[in-house]
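Hi,

Here is the structure I promised to pass on. Have a look at it first, and then read my notes below.

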Amino acid sequence: QHPPRPGMPPASSAPGGMLRAPPPPVSSAFPPPGSAVPPAAAAAAPRPGGPPGAAGMPPHSGPQRFGGGPSQFPPAAAAAAAAPSSGPSKLAAAAAAAKKPSSSPTGQNNEAPAPVEFDHAINYVTTIKKRFHAHPEIYRKFLEILHTYQKEQRGIKEVLDEVSVLFADHADLLKEFTYFLPDAVQSQAKAQLDIAAAKAEERAKQRVAQAKAIGKGAPGPGPGPMIASPPGAAPPPPANFAPSPAGGMILPPPPVANAGSAQKRMPSVPSNIPRTPFGATKARSEDRENEIAATAQHGKVSFDPVRPPRRNELNTAQASQTFGRPKVVPAEPLQPMTTEIAFFKHVKAHFNRKDLFPDLYNPTIKRRHTPYEEFIKCIHLFGAGMLNKDELIQLLRGLFIQGNAPKSGANATNITGNSMIIQASNVLLSELEKVLIGRGPFTTQEKTKKFRAKYGNCPLREYDLTELSKNITPSYWSYPSDYPIDVPGVDSDNSVVKLLNSKCFSMAKDWPEKGKNKLKSPESYDGVKVRRNIYEEVLCRVEDEMYEVEMAIERNESALRKLEPIAEEATRLRELEEKDGQPIGRLQYKLNLRSLNTIHIGSIARIYGDSGDEVIQHLLRNPLVVVPIVCKRLQEKDAEWRKVKTELAKEWKLALSENAKGSTDVKCLLYKREIEKSFATERLIEDCQEAKSFAKYPSKIQRHPATNMILPDFHLSNPDQKLALYQPHLSVLVSRMMPHMDAYNLLAAQFGGDRSKFTKLWSGFIGPWFGLPSSYDSIVVSSTTAMKFSPGQKVRTTVGDGQIISIAADPQRYKVKFSFGVGYVHPDAIAHLLPSSSSAADVAGADDSQLMQDDIQILFGTENIYLSIRLYMLLVTMLYQAKDAIAVSGYTSCKAAIVDFIKSKTDLKEFESTIRGITDKNVFNIVAIPSLVQSCGDAMAKVVEEDVFDILYHCSQLKLKDLNQLRSLSIDVTEEAVYRLQISSSANQVFFSY
């Protein structure tokens, strides 16, 4: 038993029955104040609450941390040799030397003499230890400052700030500390410490004056206002430490709520004393800093020293590329799921079973590694990718059953144990398998593993499942019985499984439509998009633009509402720091968790473009500076976008008003589409080749209300014997009263620069075929042709050699006798004269019964000739219907609008709007004319390129009743003359057959 320390009461019970430990015993190492303490004795002084020789040093301090192993020199010499040349590291080495006890039994030190400078450092450390022997926490704080600086965890600026506060009432210690500073900061640091020492001396003078006024003696050494103590008594505690109610240990006061981190950092320093940090121009107390920290509502304020950047730490650009854009700022730490928490609780309870570990509660047995630690190691190896799922379960099976992991695979397969333990282990392993679904580095391999056996790695719909699957509906098939089906993240006994579809899947199937554009599956059909016209496209585009602008403004405004109070708070804190004269960067500000969500982050990143993710990283690291800048940029964008919205609103309103009427005219879109289908090339060829089928089965004809007036009539034969039309054919009405001149002008506009091709075809075939003028370009068209030849002359024509019999007046043509019979020849078909030995009287008696009537023309033409005539007749028919439906002035305006559209002076939407503004009747018929003109012009251009239409037309002008002879003549011109075109001007019909 040691006697109680002089001036302190004996140990007693604290309130509530808790026993308080008595103060440490007084030894020779802690003499009363005022007595000299040898350095060796001070070094041998025990640390309160620690083993002898600790001397208040941390456990890892000492000479061995400098050399990395046992030193060959005496302790003091080794410390002196390893000490740096200058700086606080010298004090750390001196503290390590002061820690060592005397190595000689007589108390004398046999070490080599240390340098004078190092001896000075040892004396300085010893002085600090002696002065604060009653308050070892101050001495330990000083040693912590030195060692963190030695480990490069604290800069010289932080060291000066900490020491200035720690020794705020000890001017001699502050002045002497400047001796050990590096040369680079001597002048600046000395000025700061001199100011702090002067303030300490001023406070000491005030305490002396206060003590004299009270009449109770002079102040003694110690941190804070102190009263002279009796000899041998310990000095009173600092101002922020309170004595225990029943005496004994000195207890710290209760922490102040919401006081920031300044008080945590240094609990032993008086918080009401102003201090001047390094780089500051004014002093400020910790209480003031705590008040500043308490005013922060949107973040956390800290005055801790700034952590220096770590080695290989990513900058903002690298972090944005590596981690991408966060979902929340700041992000919350990853939280475990309920199933994971329950599983780990079950594992802990399993390892606490007495039947698994009978000696679990035996205090004499010490385990190096607990089974739970082994379990955590296995989980860590799985997460690092060193174990796959099967290997993890193999190791944990032995660990759950035997209490330790198997050493080899043989031990893992032959596991024996209690049946109850094995059953409990199987339950744990089943829980683990549910937790591991979709987890770990081998998840992708496990997902594709099930396809490697029978079904490969292709989707199931690409296999032939006729025999393995059942067609439930036209779009869905059932899964094969041997196909592995799993529902990730759902327990087998969960009620959610009943709601999920795990019995059938959607199978791709060709949509039953004719034509080349087949839909691959019903899922790829978009009915809305198919029936959308150009007006609806404009409305949808306007709607999309309005939505994008509205959403951009709303997201920007949402982020602005969130950042404005944070920016105001950050600006206030920065201005307050500048007002208090504090250095830049000392106040650290971090946002509260989940301050910004995904919408806010996306809005901020959007206004910075490609650098958006990097700006988010800057916002994470330094919100005090970045948030006001970002907030100002958001305000600028908000004003800019609202101005743009006002300007776009005028365009949107105009577009909506122009396209509203057309978007509702769905009939025009659908009818126009049907009309365009009716004059498609495949449809026209099918009409002629399948005329027999259509004549026998009229239901096969594709009819529509829009095309009923332009569809041809199908017949098996014609009862008129004069026509000699006995095969299946189709007929179309034609008349000279139809607007052929308007069709001529539209086709001429379609040809444009190649108009010569059109005029050649018109004058050489189409005009004479329909009995029309050879051109509509001139007002007066001459229909007379100079007759150069006379009867009796032998001529060579395009259809063969013959002799002119007579000259017909209306129309002007030659009647020529050929070897195959008599026929009419157009003057253009005669090439030149031939030598003749007969006279006109020899051929005057030619038989006219071999010729067809004048109002009937038969021509065997090519496919392009057939298509051009069919399309031309459709064109004049639709123009006739349009002319009949609207007034004369409206029809003229429609023709002008069609010509402008053909010449690309207007677009389709503007053209349709113009037609719709002229008339509301049969708009679909008029808007389909430009497409028909283009198709007809393309077909006529192909006819001109073939360059056989003039010869075939001359053959048709022979008027031969022998159609076989006429067909033979046409086949001699081209083998593709397989279409029969026949016109009867008296019947106003044109017949087509194949």
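Let's begin with a charge and a ring: Arg870 lies over the face of Phe992, 6.0 Å from the ring centre. That label applies if NZ of Lys or CZ of Arg is within 6 Å of the ring centre and within 35 degrees of the ring normal. Arg606 sits over the face of Trp641 in this way too, at 5.9 Å from the ring centre.

A word on the source: this is a predicted model, where local features need pLDDT of at least 70, side-chain atom pairs count only at pLDDT 80 or more, and totals for chains, interfaces and linings use all residues. Residues are numbered from 1 along each chain as its sequence is written, and side-chain values use heavy atoms, leaving out hydrogens and water.

Phe992 is also among the residues with the most contacts inside the largest nonpolar core, which has 79 residues. Such a core is a set of buried Ala, Val, Leu, Ile, Met, Phe, Trp, Tyr and Cys residues joined through side-chain atoms within 4.5 Å; buried means under 20% relative accessible area, with a 1.4 Å probe and protein chains only. A second, separate core of 38 residues includes Leu560 and Ala655.

How many aromatic pairs are there? The structure holds 25, counting rings of Phe, Tyr and Trp (its six-membered ring) with centres within 6.5 Å. Tyr744 and Phe758 have ring centres 5.1 Å apart and planes at 45°, so this pair is tilted (stacked is under 30 degrees, edge-to-face over 60, tilted the rest). Tyr744 is buried at 0% relative accessible area, and Phe758 is buried at 0% as well.

Enjoy exploring!

Methods: Buried < 20%, exposed > 50% of the residue type's maximum accessible area, 1.4 Å probe, protein only.
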